Amino acid sequence: MDQIRVTGGNALSGVIPISGAKNASLPLMIASLLTDDTLTLENVPHLADVESLIRILGNHGVDYSVTGRRQAEDSNYARTVHFTARNIVDTTAPYELVSKMRASFWVIGPLLARMGEARVSLPGGCAIGTRPVDLFIQSLSALGADIEIENGYVHASAKDGLKGAHYRFPKVSVGATHVMLMAASLAKGDTIIENPAREPEVVNLADCLNAMGAKIEGAGTDEIRVTGVTSLAGARHRVIPDRIETGTYAMAVGMTGGDVLLKGARADLLDSALGVLREAGIEITDVDDGVRVYRNGNGLMPVDVRTDPYPGFPTDLQAQLMGLMTRSTGTAHITETIFENRFMHVQELARLGADISLSGQTATVRGVPVLKGAPVMATDLRASVSLVIAGLAAEGDTTVNRVYHLDRGFERLEAKLQACGADIERISG
Ligand SMILES: CC(=O)N[C@H]1[C@@H](OP(=O)(O)OP(=O)(O)OC[C@H]2O[C@@H](n3ccc(=O)[nH]c3=O)[C@H](O)[C@@H]2O)O[C@H](CO)[C@@H](O)[C@@H]1O
Ligand SMILES: C=C(OP(=O)(O)O)C(=O)O
């Protein structure tokens, strides 16, 4: 199994190209199931999760081809991928495939809407909490689906088609919002979705569906209105830049000091996170071709933060912020409100000398003057990268094991950091 070795102490300077967002690419790829035409997605990152989803879609009969593999200029992959679901050959998404990745469960929406039935294994994903599917079941039932759960599979059917409905999510769910949007697009009549997720990835999906002929208004607000259409066509659509990758590298620069252009990043997608980083003393400016991040040798200020659905501080940046705060000049408090078990990085950061205590859903992080390198184990995607951030400031070598978690969501992480002066390498094993 591959490892990442990082030796701390180097400031970062240069350019880091920001990839297309994993969490936008996945629902967009799944939307290709809604039409027998070709959906072309630009700026798709080269990630393990994207490859897994390509296999899952292939099982349903989706063909794909790739063009524009590399941009010579910055060696980012930035692929354009064409997906065609001419015929759906199978409406079952099996355990062997779905258990690898949570988002693959989302095929339930388009399969149900286009084929009138879907049989999808209960999902897997990062080990960060229980991650139930009750909101998917409630919202699809509101659209008229009959749903049964048996032998680890959710079986949804709507033989006479889905019907528009007025549904209020009792709790914000990104995935259930994506699924309801896709299903409602092909339902008969009007749907009103109250309390949907407002994440930029939801807006990106709604824009794509509209380009395919859907009638969706209000994505990004607290009420979405969908007028069902009878069919959707192909389209060409661009994946938004990854706001979590953007925030992660901004924190890496904050940790080491230096001056880096996050090329292609969009500051407007992560206002609250950038606000927190500014509070911590990192200088961030919105420039023409991305976001510039700068910190001189001054100490980092501690911050008190809670995670929240968008536009709040993202849970997917919580671990990285904790890594950063291990070196603050005071005491930070970080409260996780989205996932009940997203603190697996605490004990690993402690191996590097971090001083963190947990009480319920709040971590108290007392900054320490020095971190020291150690072998650590990645436990989930964002936890893994928090260990890299801490390792960039630690004295000596930090070896991050189980790098396959990182490969799910960070494209060419070690190459991007190396290019800015980090002493980091992948050790193939
Ligand atoms: C591929 C992708 O885009 N993943 C993101 C997506 O995950 P995902 O879409 O799975 O996360 P959700 O927004 O659905 O989860 C939010 C909360 O709702 C709960 N819940 C969800 C569904 C349900 O049926 N019942 C229920 O109780 C979850 O357990 C969690 O506590 O949004 C999360 C929250 O921003 C991010 O951390 C993930 O990176
Ligand atoms: C939690 C994440 O992914 P998933 O929802 O696929 O587990 C993530 O991207 O941080």
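**Helix 9 and its cover**

The cover over the buried residues of helix 9 includes helix 8 (243–256), strand 16 (283–287) and strand 18 (304–306). Helices (H or I, at least four residues) and strands (E, at least two) are DSSP runs numbered from the N terminus; contact means C-beta atoms, placed from the backbone, within 7 Å. This is a predicted model, in which local features need pLDDT of at least 70, side-chain atom pairs count only at pLDDT 80 or more, and totals for chains, interfaces and linings use all residues. Residues are numbered from 1 along each chain as its sequence is written, while chains are lettered from A and ligands numbered from 1 in the order in which they are written.

In helix 9 (residues 271–279), A273, L274, V276 and L277 are buried (20 or more other C-beta atoms within 10 Å of a residue's own, C-beta atoms being placed from the backbone). They lie on the same side of helix 9 because they cover an arc of only 155° around the axis, taken from the directions from the helix axis to the C-beta atoms. Just after helix 9, G281 has a positive phi of about 105°.

The largest nonpolar core has 143 residues, of which I108, L112 and A183 touch the most other members. Such a core is a set of buried Ala, Val, Leu, Ile, Met, Phe, Trp, Tyr and Cys residues joined through C-beta atoms within 7 Å. Helix 6 gives the largest share, eight residues.

Domain 1 (3–17 + 241–427) and domain 2 (25–238) both contribute to the shell around ligand 1, so the ligand lies between them; the bounds come from an automatic or database domain assignment.

Notes:
Buried ≥ 20, exposed ≤ 12 C-beta atoms within 10 Å, placed from the backbone. Contact = placed C-beta atoms within 7 Å.
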